[in-house]
Amino acid sequence: MFTLIFGVCLWQMSDQELVEAAKATLVANDRGEWSPPTSITLYPHQWLWDSFFYAIGQRHYDIERAKTAVRSAFRAQWKNGLVPHIIFSEASDYHAGPDLWQTSRRSRHAPRHVETTGVTQPPVAAEATVRIGEMLKKKERRLWYEEMYPKILAWHQMLYRERNPREDGLVHLVLSWESGMDNAPPLMEVLHKHAMSNRVRIMQLTGLDKWAELRRRDTSDVPAHERISTLDLHAIYDLIRSLRHHNYDHQKILAHHPFQVIDLPFNCILMRANEHLKTIASEIGEKLPDDIVHAMRVAPHSLETLWDDATGFYYSRDAISGELIKIPSVSTFLPLYATQLPKERIRFLLKHLHDPKKFGTKFPVPTTPVESMHFKPHCYWQGPTWININWLFIDGLRRNGHHQEAERLKHATIRLVRKSAKKHGFHEYYSPLDGSVAGAPNFGWTAALTLDLLKTT
Ligand code: 2M8
């Protein structure tokens, strides 16, 4: 027994070593004002929700740097309030770069001083702002909140003004990249149903996708089977062309664009972000505007329409057909992060969490249930365990009073990262079955959020 424990200690990091290693990863990725998601060329620019997760980790050792991470994500905010999901740096080797988007030429709202994409990502800014605020003295916090409030507010208002045609507090996404869970099976279902362009269909029929696969730039560092499929990626490129064709004008996009989803995780994050915004507003003596107050009032009722009693899951909705996308995924747990759920509902969700055929794996939480035909343990958002999703889920469990479950998941998450940290550092995602690493190495949000889990109770 002693030898076993001693052996484990030798090849695994202690909490303190893990904290130091996480910090070292964040510092090594740091470019001063912003940090690319990983040390390799796979993602060489600034990504939006990555920046906020970075900040949540950085606040533990350099609060000013954490503020800069949040601030810098807003340096390219569009005139209409949109905060773009990528701010391009000088690096030229990204597969969906400025030439594909052409936002500065096509949109009257896009900034001219820097190139960006024309879509957004989950609004984690308010969360990061408040987490930083909690560590500041009252006067500094007020200044910090006064600085961030108008920017975050403009972003949320844009989402409700331009992406919420039903005014029910749940916004439409127009690209799976906006959800951050790029190739999650429910999103790919909508893509396959409505948004396979003729070009992509021809690629598929003629086998040209095999040739295109050889030319992919994103699979030089990470094996193709751990990434999105070539056909799905090309369908996404064509959706970007459609957004560009509509000059990133949301009215035209909602009327004609073939991919529109009421995404469950994005909307859960937005609901929670509004609560944070309310906290920020009240600390600085601001009154939330009516549109946000309205959205906050109706969103919990609208969220209920995403629950399916027959299967016991929350789902995203296909906004084109109006139907629920009944493909179970880890997103079903995120309403816990969004709001307070009834006890009975939580009981149902926790049953799924512990069911070995669904999410009860050795290294939870898989993004897709293991019994699903879509489950692939190493493939991107189709099965692997992601640390940011666990982090949101842990927070949701706490907020709903399930502290023991939250602790259990927190320890399982740290255990998963610790398992390979000595040899492989912090990875982008992990197999939920055996904990093996996948995706990019030296991954920022894995390091940042592990650091946060280790530093907070
Ligand atoms: C992944 O997405 C980008 C496109 O946005 C890509 O595959 O090139 C996703 O995991 C996304 O959630 C993440 O923000 C991004 C950078 O880490 O990579």
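How far does a polar side-chain atom of D50 lie from an oxygen atom of the ligand? In this predicted model, the separation is 2.6 Å. Residue numbers start from 1 along each chain as its sequence is written, local features need pLDDT of at least 70, and side-chain atom pairs count only at pLDDT 80 or more, whereas totals for chains, interfaces and linings use all residues. Side-chain values use heavy atoms, with hydrogens and water left out.

A polar side-chain atom of R227 is found 3.2 Å from a ligand oxygen, and an N or O atom in the side chain of W381 is 3.1 Å from an oxygen atom of the ligand. A polar contact here is a pair of N or O atoms within 3.5 Å. On its own the ligand has 420 Å² of accessible area, and the protein covers 99% of that area (Shrake-Rupley method, 1.4 Å probe).

The ligand is surrounded by 18 residues, a residue being near when one of its heavy atoms lies within 4 Å. The closest are D50, Y94, G180, D182 and Y380. By class, this shell contains 11 nonpolar, four polar and three charged residues; Asp, Glu, Lys and Arg count as charged, Ala, Val, Leu, Ile, Met, Phe, Trp, Tyr, Cys and Pro as nonpolar, and the others, Gly among them, as polar. The site of the ligand is the largest cavity. A cavity is a set of points, on a 1 Å grid over the protein atoms alone, where a 1.4 Å probe fits but cannot get out; a molecule sits in it if more than half of its atoms lie within 2 Å of its grid points.

The protein chain comprises 21 helices and nine strands (DSSP runs of H or I, at least four residues, and of E, at least two). The chain has a radius of gyration of 21 Å, close to the 23 Å given by the globule rule for 457 residues, so it is as compact as a globular protein of that length. The radius is taken over C-alpha atoms, and the rule is 2.2 Å times the number of residues to the power 0.38.

P364 and V365 are joined by a cis peptide bond with omega of about 10°.

Terms used
A polar contact is a pair of N or O atoms within 3.5 Å; within protein, one must be able to donate a hydrogen and the other to accept it, and residues adjacent in sequence count only if both atoms are side-chain atoms. On a 1 Å grid over the protein atoms alone, a cavity is a set of points where a 1.4 Å probe fits but cannot get out, and a pocket is an open set with protein on both sides within 12 Å along at least five of seven lines; lining residues have an atom within 4 Å of a point.
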